Amino acid sequence: MIITKDYKMGDAILHDPKILTVLTRFNVKLGFGDETIEQICVKNNINVDFFLELANTFHDENYFTENKLKSFSLQLIVSYLINSHKIYVGNKIPEIEELINTLKYDNEQDAKNIIVLKKFFSGYKDELINHIKHEELNVYPYILELEIGLKNKKVSETFFERMLVYSASDYRDEHSDVELKLFDLKNIIIKYLPPPINFEKCNVILNKLFKLDEDLKNHSKLEERILVPNAIKIEAELKKLKSENKIDFI
Amino acid sequence: MNKIKVLIINNSYVISSGLQNILNEIAEITYSNIEFNEKNLLNDVAKFNPELLIINELVFKFLKLEKQTTTNLLIVIGDENKESHKYFINTLNDNKSTVISLIRKCITENFEKPTKIKNESLSSRENEIIKYVAIGFTNQEIADKLFISKYTVITHRKNITNKLNIKTVSGLTVYAILNNIIDINDVN
Ligand SMILES: [Fe+2]
Ligand SMILES: [Fe+2]
């Protein structure tokens with residue numbers, strides 16, 4: 001099913017709760033009544049087409065129309081990515097952390113299992129936070145400046161120099177795989193962790209890990225297949241403008 | 001486990017999504033789907049570097065002209081089998097289980113299954129190695145400790161990773177503690 005703007009928002013979410021995941025990135029509250037996706041988006045100042053592209057991407061893993069997504073401004077995409085980061089660090093990770101803390105064994109000897117699990121997860125968390133910090137402090141600002149530079153046909157000399165040294169393609173090449181540890185964690189819980197007395201909590205944790213994993217994969221897809229190619233295109237255009245002397249340096 | 005990379009080259013949405021539906025049920029593979037575009041095809045194929053191509057007669061003829069049919073493993077789809085293809089899916093008549101067993105046959109005949117390791121539990125040497133890895137020793141340090149070459153250590157580590165399906169060092173550390181191979185106090 002392809003989600004379109006005249007669907008009722010409530011029905012769309014009932015049909016596929018993953019759409020709710022996208023909505024949370026735009027800080028939209030529930031209580032939609034009978035309003036359509038378009039109405040809700042307009043009310044909340046959301047670009048309808050952008051929302052639909054993301055909703056469809058989450059809804060169906062085979063739906064990923066790079067061309068359409070590439071037509072949105074980088075500003076729009078970056079602010080969505082930053083909102084996603086906030087939700088990973090502010091909600092998803094703490095939720096899982098809390099659940100791990102509730103695991104219990106009835107003997108002293110097995111108590112170490114929880115300690116080691118916690119340690120592993122906090123290692124994963126640090127890795128994710130570093131990844132996000134690097135993007136928000138270095139990569140995204142650079143990409144946004146590219147977009148502004150092209151729009152105004154004006155860049156600073158230092159920025160241009162930097163562009164020649166560090167390109168968006170370098171970011172893609174070194175874009176680290178934050179999913180490896182997540183994969184291991186799922187595997188460990190499924191195969192190797194002795195079941196605690198409240199083992200049903202492990203199922204909840206696993207479900208959350210699977211969802212987080214899928215979410216992160218969509219996130220990386222946006223970064224690698226939309227953000228980076230767009231940025232590389234702008235880099236080339238800026239270089240061309242410079243060679244034709246059609247750009248101002250400040 | 002390394003998954004087998006499959007590339008579907010097809011313009012028909014109906015056929016592609018049908019194929020994807022079926023491929024989703026075969027755990028050993030991962031697939032991508034592209035449209036047939038004469039200009040870019042060879043580039044695209046090189047980019048995806050697939051181990052198995054699923055194509056129709058049209059793409060097959062094109063690849064044959066480009067002398068690519070000998071280097072790639074192929075499954076051809078179509079409504080009648082004109083060239084006698086080794087692996088052929090009839091899009092009009094084959095039902096789901098026929099298609100799945102054909103793909104499975106193709107996989108078993110051409111790829112050895114890395115998942116089927118007879119003994120999934122670690123050998124005593126591997127247990128020894130994982131102990132040092134978990135504590136944080138480098139390959140060289142482990143080699144010196146056990147009087148074996150660094151390359152032997154690397155081979156052991158590969159086997160451990162394959163058997164346990166754990167990819168990170170900290171994941172191995174967790175495994176080692178859970179299985180009492182090391183004590184939690186051994187790691188800082
Ligand atoms: Fe990110
Ligand atoms: Fe990222």
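## Close-ups of a predicted two-chain model

**View 1. Where chain B meets chain A.** In this predicted model, the contact draws on 18 residues of chain B and 17 residues of chain A. Putting the two chains together buries about 1,600 Å², with carbon and sulfur atoms giving 64% of that area. On the chain B side, the residues that lose the most area to chain A are B:Val174, B:Leu178 and B:Ile184, and together they make up 34% of what that side buries.

**View 2. Polar pairs across the chain B and chain A interface.** If you go looking for salt bridges between chain B and chain A, the rule finds zero. Polar contacts do turn up: six residue pairs between the two chains, with both partners at pLDDT 80 or more.

**View 3. What the chain B side is built from.** Two helices of chain B, H7 (150-164) and H8 (169-178), each supply at least two residues to the side that touches chain A. H8(B) gives the largest share of that side, with six residues. Sorted by class, the chain B residues touching chain A come out as nine nonpolar, seven polar and two charged.

**View 4. Chain A and its confidence.** Chain A has a mean pLDDT of 91, and 100% of its residues reach 70 or more. Zoom in on helix H5 (residues 66-70) of chain A and you're at the lowest confidence in the chain, a mean of 77. Helix H6 (residues 74-102) of chain A sits at the other end, with the highest value, 95.

**View 5. Two domains in chain A.** Where they touch, 13 residues of domain 1 contact 13 residues of domain 2. The area buried between the two domains of chain A is about 1,100 Å², and carbon and sulfur atoms give 60% of it. In domain 1, A:Arg25, A:Phe50 and A:Phe58 lose the most area to domain 2, together 59% of what that side buries.

View 6. A:Lys18 and A:Glu214 meet through their side chains in a salt bridge, at 3.7 Å from N to O. Helix H2 (18-24) and helix H4 (48-59) of chain A are the elements giving two or more residues to the domain 1 side. By class, that side holds five nonpolar, five polar and three charged residues.

Terms used. Residues numbered from 1 in each chain as written. Chains lettered and ligands numbered in written order. Heavy atoms only, no water. Contact = heavy atoms within 4.5 Å. Buried area = accessible area lost by both parts, 1.4 Å probe. Salt bridge = Lys/Arg side-chain N within 4 Å of Asp/Glu carboxyl O. Polar contact = N/O pair within 3.5 Å; in protein donor to acceptor, adjacent residues only side chain to side chain. Helix = DSSP H or I, 4+ residues; strand = E, 2+ residues; numbered from the N terminus. Nonpolar A, V, L, I, M, F, W, Y, C, P; charged D, E, K, R; others polar. pLDDT = per-residue confidence, 0-100.
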